[in-house]
Structure formats: C-alpha cells, structure tokens
Amino acid sequence: MLIVGVDTGGTFTDFIFKDGDKWEVHKRLSTPDDPSRAVLAGIKHIAGDRDIQVVHGSTVATNAILERKGAKTALITNKGFEDIIQIGRQNRYELYNLSFSKKESLIPHELRFGVPGRVDSNGDIIEDFSEADVRKVFELIKDAEVESIAVCLLFSYLNPEHENMIRKLQTECEAPISLSHEILAEFREFERTSTTVINSYVSPKMSGYLNRLRKKSASNTLRIMQSNGGSISVETAMKESVRTILSGPAGGAVGAEAIGRIAGYNRLITFDMGGTSSDVALIDGSLPLTLETKIDDYPVKVPMIDIHTVGAGGGSIARIDEGGSLNVGPESAGADPGPVCYGKGREITVTDANLYLGRLIPEYFLGGEMQLDTAAMNNALEAMAQKAGLDPVELAEGILDIANANMERAIRVISVERGYDPREFCMFSFGGAGGMHCAFLAKLLSIPELFIPKNPGILSAVGMVMADVIKDYSLTVMCEQKNTSAEDIENKFAPLESQGRAELEAEGFSSESIIIERFLDMRYQGQSFEIIVPFEGDWLEEFANLHKQNYGYKNEDKTVEIVNIRLRAKGVPAKPEFSESTHFTVEIPEEAELGLTETVFDSHKLKTRIFDREKLLPGNRVEGPAIIVEYSSTLVIPPFARGRVDAYGNLIFDIL
C-alpha cells in the first residue's frame with residue numbers, strides 16, 4: 001500500500017509518498033477555487049488505481065474563517081447569555097484608536113437563542129430545563145435555514161445533562177450540532193463558546209471537502225493533520241474541525257523537530273516560507289504548544305503548536321503606494337494568477353524579484369517541469385521601476401529587503417520578545433521559497449547556523465507522514481494543592497486515560513504503541529492564567545521553577561491551584577527512516593556542478609556556481625556565492641555564507 005502525505009498551500013500542493021522502500025516527492029499548483037481538485041489530481045498521478053493511505057493537512061477550515069465563508073450557524077446558550085460571544089473580554093487591542101470597533105461575531109444576534117435551565121459552579125442543577133422552549137428554538141432555527149448549531153451552556157463541563165438533552169430534542173432540524181462539553185470541557189465561558197462556535201462554523205465546509213476527497217480518491221485510509229502536531233481520523237476531523245485550523249504549518253513544525261533531532265539539533269527556529277505566507281516557531285527541546293491562539297481575532301482554546309504567521313511569501317505582491325513608498329504583501333498572487341513569471345500574473349511578486357536578480361534558475365525550476373516566463377517578468381519589473389523612478393536592480397533588491405524585514409520581525413516575536421536569544425539557536429529553513437531568503441535572515445538576526453533538510457519545499461507533507469495519531473483531552477477540576485493528593489489527581493485522570501486508550505485501540509493501535517502524557521494547568525491562587533506543567537516527578541517544584549522562568553519569581557507561601565487536567569494519548573505509527581552515511585568526501589562530484597550564472601548581491605553581479613543537490617555527497621563543502629537547485633526548492637548561498645552536507649544529506653550553512 002502507498003503511504004502519501006499531502007499539504008495544501010496557497011500556491012503549491014505538496015506530496016510525499018512511499019512506494020516500496022523509496023520515498024518520492026511531487027508538487028503541483030494549488031486550485032484555490034476547490035483545493036480538493038489539486039489533491040485528487042496529485043493522488044491520481046502518484047497512485048493510479050492502487051490502494052493508498054493518505055495523511056492530509058488542509059487550509060479549508062482556516063480559509064473559511066478568514067474569508068467569512070463558513071456555515072450559517074446558530075448558538076443556543078443560557079437565557080440572558082446570548083451575547084457573550086459578542087461581548088467577549090474587556091481587552092482593548094488598539095488603545096489609542098478612537099474609532100476602534102470589535103470585529104463582528106460569526107453569529108448574528110438574531111441567530112443567538114437563550115433557553116431556560118441552569119447548572120451552578122458545583123455542577124448542580126439550580127433551574128429546570130425546559131423541553132418546550134428548546135423545541136421552539138429548533139423551529140426558529142429550521143425556519144432560518146441554519147446549516148450548523150453550536151450549544152454552550154454554563155458549567156456544562158461539570159454537568160453536561162442539559163446539553164445532551166438539547167441534542168436529543170433535535171429531531172426535525174438536521175443541521176450538525178456541536179456541544180461545548182465535547183469540544184472543550186473547560187471553564188472560561190467566552191473562550192469555550194468561541195471555540196464551539198468556530199467548530200460549528202467550519203465543520204460543514206470541512207465535512208463537504210473531506211467527503212469529496214474520500215469519495216473520489218482511491219484512499220482506503222484518510223487521516224487529517226491537527227493543529228497540535230498529530231493526526232486524527234476523517235470522522236473526528238468532520239466532528240471537531242476546529243482542531244484542523246493550523247494543520248499545514250503544524251506538519252512543518254513536526255517534520256522540523258523530528259529531522260533536527262535526528263541530526264543532533266534540538267534548539268531550532270523554524271522558518272517555513274511558502275507562496276502566500278511565512279510561518280515561524282521556536283523549538284527548545286520539544287514542540288511548543290499553546291492554548292491561547294486567535295484566528296482572525298476569534299479565540300480558539302484547543303492545543304496548537306505555537307506558530308507565528310506573517311503575510312510574506314514568494315507570491316507576495318509588491319506595490320508602490322500613493323506616497324511613493326514600496327510595500328510588499330500581505331496580499332498574495334497565490335496559485336492563480338500567480339507571479340508574473342508563472343505566465344498569468346500581472347503584478348510583480350517576491351518570486352519575480354528573485355528571478356530578476358538571478359537567484360532562480362529558470363531551466364531547473366521544479367525540476368525543469370515548469371517553464372518560467374522570464375521575458376514577461378523583465379518587462380513588468382522594468383515598467384514598475386520606471387514608474388517608481390528606480391533602477392530595476394534597486395527595485396528588485398528593495399522588494400526582497402522589505403520581505404526579509406517582515407519575516408525578521410516575525411522571528412523576533414517568537415524569540416527576542418519572549419526572552420530567547422536567536423544566536424543560541426539554529427535556523428531550520430524549509431518551504432519552497434525559504435532557501436532563497438534564509439541566509440539573509442540569519443545574517444540579520446546573527447544566527448550562526450542554518451539547517452536545510454532534503455526536499456525542503458515539501459517538508460510539511462513529510463511532517464504529516466511522521467506525525468503520531470494524537471488525542472487531546474482536558475477537564476476543569478479546580479483543586480487546591482493543599483487539599484489534593486497525587487492519588488486524587490490520578491483518579492481524575494483515569495476516565496480520560498481509559499477514553500484515550502479505547503479510541504486509539506479502535507483505530508488499530510496496540511497497547512504497546514500507545515503513549516500517555518499527562519499535564520496540569522497550575523497557577524497561584526488569585527492569578528488569572530495558568531502554566532502547563534507535566535504531571536510527573538515533583539510537579540509542584542516544576543511549577544515553581546516554570547513560574548520563575550516565565551515571570552521572574554516564585555512564591556512558596558502562596559496556595560497553588562490545579563485548574564485543568566490535560567491528557568494526550570499518542571498512537572505511534574510506522575515512520576520514514578533516515579539513513580546515516582559513514583563515508584565523507586570533500587571532493588565535489590563533477591556531475592554535481594551544473595555551470596555558472598550571474599547573480600546580484602548588494603547591487604553587484606557576481607559569478608555564481610550552480611550545483612545539483614541530488615549529486616552532492618556527505619562531506620562536500622560549497623563556498624558562496626552559489627546556488628543549489630533541487631526539485632522542490634532553490635537554495636541561495638550568498639558571499640557571506642558557506643554550506644556543507646551532513647551525514648543525512650542535510651545542508652548546513654555557516655553564516656560568516
């Protein structure tokens with residue numbers, strides 16, 4: 001059976017597949033009007049009529065939110081709390097903007113319904129549930145032709161009886177329903193409501209997309225990448241689509257962490273530059289998880305890999321504004337029409353600027369499978385330069401400088417602004433456009449080493465086939481440490497662990513291949529936010545140490561609260577293996593040298609050697625300036641850098 005990893009990006013859809021003992025790659029232009037068309041075409045190209053197993057990362061849920069194209073959704077909540085989703089928190093994001101207004105809710109006021117029935121903070125019913133009122137609400141929902149329903153009642157995580165009764169009363173209305181105690185069994189009503197609403201908003205669109213894939217592909221098994229770095233079944237992804245919002249970038253982070261660890265690097269700043277955006281993350285020994293993600297300003301409180309995204313990619317459009325200043329992005333040309341050099345675009349992009357400066361080699365782009373229209377690009381860029389009163393080379397370098405500055409700021413957000421020194425990390429670069437920019441970014445940030453894996457343009461797809469199957473569970477418990485023993489906590493974890501093991505065993509994992517990880521959300525009494533602490537060893541001491549690391553102090557006299565318990569159940573599937581070479585050679589094979597080109601660096605044209613990455617051997621060293629071409633990416637080694645090939649075929653750049 002073929003194993004295929006698929007990542008849908010804004011410009012390209014990437015595939016990695018195992019045919020026998022050999023891993024191969026494939027890329028094709030995305031189809032933004034219907035992403036499934038590119039996925040299905042790629043699968044057909046790779047597999048024909050053979051049985052396959054697919055792990056897929058999708059942007060369908062994310063785009064549904066960003067473009068406001070999700071399902072028409074209704075909210076059922078407690079009477080008097082209908083507007084909690086609009087009121088939110090008191091945080092002001094723009095303190096000095098006198099005209100600031102909050103973003104409109106995904107659910108309009110007329111589709112928010114309050115029903116009688118109340119559970120208190122102990123889980124006790126203090127107001128009776130009204131079946132008649134709920135039936136009336138469902139009649140209104142049906143008349144409004146609602147496509148999806150979110151249900152979020154107060155303290156349902158302690159007692160879900162009323163939420164379950166609402167589902168049982170849904171007889172005539174066929175819209176899918178999301179219950180908050182199943183999506184997020186935690187306190188903080190606004191975040192729980194927001195997460196449940198987003199799940200309802202995107203699930204119908206995600207379900208339609210996945211049904212099309214499953215129906216039209218030959219896949220016996222289709223799994224979906226989650227935002228937390230693991231995969232889930234199609235059925236779970238349809239029901240809990242909120243967990244797939246950052247699935248593509250999560251695949252890249254998983255692949256970077258795994259490949260970096262194998263090669264001996266565990267402190268990484270990952271840099272994933274694709275056609276539409278750039279994603280960055282900081283890995284300090286393990287994948288960084290966060291519970292405080294916002295998508296288009298809407299809180300999503302499910303575990304996600306902590307990834308920061310900026311609108312700077314190969315397809316980012318360069319424009320001269322009304323004041324005569326040059327701007328790059330965040331608008332992207334995407335896959336259609338794409339950059340000018342792709343043959344259909346009309347606006348200059350970052351990719352066009354790289355081509356004009358000689359940093360892209362047309363005859364080797366995408367392994368020679370895709371022709372670039374150099375003449376159209378030259379005409380368009382020179383016309384733009386004339387309009388701006390700039391030299392064309394000056395304009396092209398300016399475009400790249402601005403794009404690099406945007407990406408540098410993104411890296412500073414996840415490093416310097418959080419107390420990390422980038423100089424203590426290695427930059428792990430991937431994505432189709434990453435190799436052309438990473439050395440310049442490393443120079444700007446004083447990062448001494450760069451790591452570029454094999455096939456960097458499809459690393460997110462690689463991460464998907466390397467990902468574990470992960471089930472995340474959480475429950476609000478609100479325990480004081482002084483009144484709670486380790487045995488009490490073990491007892492609270494027991495039902496979550498049983499559920500996790502049962503669900504993974506149902507997906508074919510043996511007990512030996514299941515890993516259980518347990519965590520506590522802890523805080524000092526009176527604090528508003530928690531720190532996630534592994535439930536192992538001296539967890540109280542670990543909390544104090546983490547608090548000191550994050551906030552500069554610890555208070556041993558203060559009462560500690562355990563707010564939530566979290567359990568992660570991981571099923572470990574078969575994964576790609578990476579062979580290590582024991583033979584090193586300094587001499588570069590003759591067939592690896594493809595010739596010379598002229599490339600612009602700092603406004604000077606320099607003779608630049610071109611190398612075929614597939615032919616380079618472990619131990620080979622390449623001095624800059626040089627360009628290394630491969631199927632999924634182009635790598636630029638500026639004059640201030642040099643590269644070497646490690647035992648696994650990875651390229652390591654030293655920034656001089």
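Contact means heavy atoms within 4.5 Å. The views below come from a predicted model, where local features need pLDDT of at least 70, side-chain atom pairs count only at pLDDT 80 or more, and totals for chains, interfaces and linings use all residues. Residues are numbered from 1 along each chain as its sequence is written, and side-chain values use heavy atoms, with hydrogens and water left out.

**View 1. T62 sits in helix α2 (residues 60-66).** Helices (H or I, at least four residues) and strands (E, at least two) are DSSP runs, numbered from the N terminus. T62 touches I245 and L246, not counting residues up to four places away in sequence. Is T62 buried or exposed? At 13% relative accessibility, T62 counts as buried. Buried means under 20% relative accessible area, exposed over 50%, and partly exposed in between (1.4 Å probe, protein chains only).

**View 2. T244 lies in a loop, between α8 (234-239) and α9 (247-262).** The relative accessible area of T244 is 0%, so T244 is buried. Which residues does T244 contact, leaving aside its neighbours within four places in sequence? The contacts are S58, A61, M206, I224, M225, Q226, S227, I232 and A237. L400 is 156 residues from T244 in sequence. In space, T244 and L400 are 32 Å apart, C-alpha to C-alpha.

**View 3. Strand β5 (residues 73-78) is mostly covered.** Of its 6 residues, 6 are buried. Two strands pair if DSSP finds at least two bridges between them. β5 pairs with strand β9 (residues 148-152) in the parallel sense, over 5 bridges. Here T77 stands opposite C152 in β9. β5 also pairs with strand β6 (residues 112-115), again in the parallel sense, over 4 bridges. There N78 stands opposite V115 in β6.

**View 4. An open sheet holds 8 strands with mixed pairing.** The strand order is β19-β14-β13-β22-β23-β34-β33-β30. Which strands stand at the edges? They are β19 (308-310) and β30 (621-623). Each has a single partner strand, so one side of each is left without a neighbour in the sheet. On average, neighbouring strands of this sheet are turned by 20 degrees against each other, direction ignored. Axes are lines fitted to C-alpha atoms, for helices over the stretch in contact, and angles run from 0 to 180 degrees between N-to-C directions.

**View 5. Strand β22 (residues 426-430) runs parallel to strand β13 (residues 267-273).** The two are joined by 5 bridges. I269 stands opposite M427 in β22, and T270 stands opposite F428. β22 also runs parallel to β23, with 3 bridges between them. F428 stands opposite F451 in β23. In β22, 5 of the 5 residues are buried, so the strand is largely enclosed by the rest of the structure. Both faces of β22 are covered. C426, F428 and F430 are buried on one side, and M427 and S429 on the other.

**View 6. Helix α13 (residues 438-445) packs on the 8-stranded sheet.** Helix α13 touches β13, β22, β23 (449-452) and β34 (651-655). The direction of α13 makes about 155 degrees with that of β22.

**View 7. Helix α12 (residues 392-414) packs against α13.** Two packed helices are described by the angle between their axes and the distance between the axes. For α12 and α13 the angle is about 55 degrees, and the axes are 10 Å apart. The two helices are therefore oblique to each other. Angles under 35 degrees count as roughly parallel, over 145 as roughly antiparallel, 65 to 115 as roughly perpendicular, and the rest as oblique. The crossing of α12 and α13 is right-handed; that is, the near helix is turned clockwise from the far one by less than a right angle. N404, M407, E408, I411 and R412 in α12 meet F440, L441, L444 and L445 in α13. The residues of this contact divide into 6 nonpolar, 1 polar and 2 charged. Ala, Val, Leu, Ile, Met, Phe, Trp, Tyr, Cys and Pro count as nonpolar, Asp, Glu, Lys and Arg as charged, and the others, Gly among them, as polar.

**View 8. Strand β27 (residues 560-571) is mostly covered.** Of its 12 residues, 12 are buried. Strand β24 (residues 469-480) runs antiparallel to β27, joined by 10 bridges. Strand β25 (residues 514-524) pairs with β27 in the antiparallel sense over 11 bridges. In β27, I562 is the bridge partner of C479. M522 also stands opposite I562.
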